[in-house]
Amino acid sequence: LKTFKEAVRVEPNHIEANLNIGFISIRFRDYATAAAAFQTALKSSAQQKNIEVWLALGVAQRGLKKFKEAEESYNKAAKLNAADPRPWFNLGVLYQDHLSTQDGVDMKKGEELIAVAKKHYAKFKETAGNNKAYETRKLEADDRIATIDQTFEFNKISVELEKKDAETIAAERGIEVA
């Protein structure tokens, strides 16, 4: 990393050095450094066609809580190679783990967001097909889909219990509930 940073100090737009800085920084969760390095690398028209850069930039943006930008990066990756399932998995993670869990997201909105995540995981699995390279991720997608389904069921039960609780309280107070 030190060597690549020195190369960028000497030549700020050095594509390979910026790519290496970005990929190394992602591993250390230094998302700001990674995002800046990938943005510099994307000044190259050749890198604008590099799905790896778009996926990694999306991860960095997601880590920086720049969710709209992360979604745009994953969508660019998906457009670059429709046969690559990874953008769909990353979009699922974005919606399930990040967008649906933000402050201010109520149960209804959260369910809408995880429903989108579920569709992304399904698209991932469809696109991955029988490709052995994605077997582990397909299992993870299955697990994430099961978690989403359990969340829907839990929320349904919670709403029913809250309604019963409100009815019980109202009955104790002698109030009729519609």
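1. Ile145 lies in helix H8, which covers residues 135-173. The structure is a predicted model, and the points below should be read as describing that model.

2. Ile145 has a relative accessibility of 14% and therefore counts as buried, the cut-off being under 20%. Setting aside residues up to four places away in sequence, Ile145 touches Lys118, Tyr121, Ala122 and Lys125. Helix H7 runs over residues 107-128. As for Leu19, its C-alpha atom is separated by 33 Å from that of Ile145, and the two residues are 126 places apart along the chain.

3. Next, helix H6. This helix has 14 residues, 86-99, and at 1.5 Å a residue they should span 20 Å; the C-alpha atoms at its ends are 18 Å apart, which agrees.

4. H6 is mostly covered, with eleven of its 14 residues buried. The buried residues are Pro87, Trp88, Phe89, Asn90, Leu91, Gly92, Val93, Leu94, Tyr95, Gln96 and Leu99. What do they pack against? The partners are four helices: H4 (51-63), H5 (67-80), H7 (107-128) and H8.

5. Two packed helices are described by the angle between their axes and the distance between the axes. Here the axes of H4 and H6 come within 11 Å and cross at roughly 5°. That angle is why H4 counts as roughly parallel to H6, since angles under 35 degrees fall in that class. On the H4 side the contact is made by Ile51, Glu52, Leu55, Val59 and Arg62, and on the H6 side by Arg86, Pro87, Asn90, Val93, Leu94 and His98. By type, the residues of this contact divide into six nonpolar, two polar and three charged.

6. The largest nonpolar core holds 38 residues, and those touching the most other members are Ile26, Phe38, Tyr74, Leu94, Tyr121 and Phe124. Helices H2 (15-27), H3 (31-41), H4, H5, H6, H7 and H8 each give two or more residues to this core. H4 provides the largest share, eight residues.

7. Leu94 links several of these points. Leu94 is one of the buried residues of H6, takes part in the contact with H4, and is among the core residues that touch the most other members. Leaving aside neighbours within four places in sequence, Leu94 is in contact with Arg62, Phe67, Ala70, Glu71, Tyr74 and Leu99. Of these, Tyr74 is also listed among the core residues that touch the most other members, and Arg62 belongs to the H4 side of the contact with H6.

Definitions and conventions:
Residues numbered from 1 in each chain as written. Predicted model: local features only at pLDDT ≥ 70, side-chain atom pairs only at ≥ 80, totals over all residues. Heavy atoms only, no water. Buried < 20%, exposed > 50% of the residue type's maximum accessible area, 1.4 Å probe, protein only. Contact = heavy atoms within 4.5 Å. Expected span 1.5 Å × (residues − 1). Axes fitted to C-alpha atoms, helices over the stretch in contact; angles between N-to-C directions. Parallel < 35°, antiparallel > 145°, perpendicular 65-115°, else oblique. Nonpolar A, V, L, I, M, F, W, Y, C, P; charged D, E, K, R; others polar. Core = buried A, V, L, I, M, F, W, Y, C linked by side-chain atoms within 4.5 Å.
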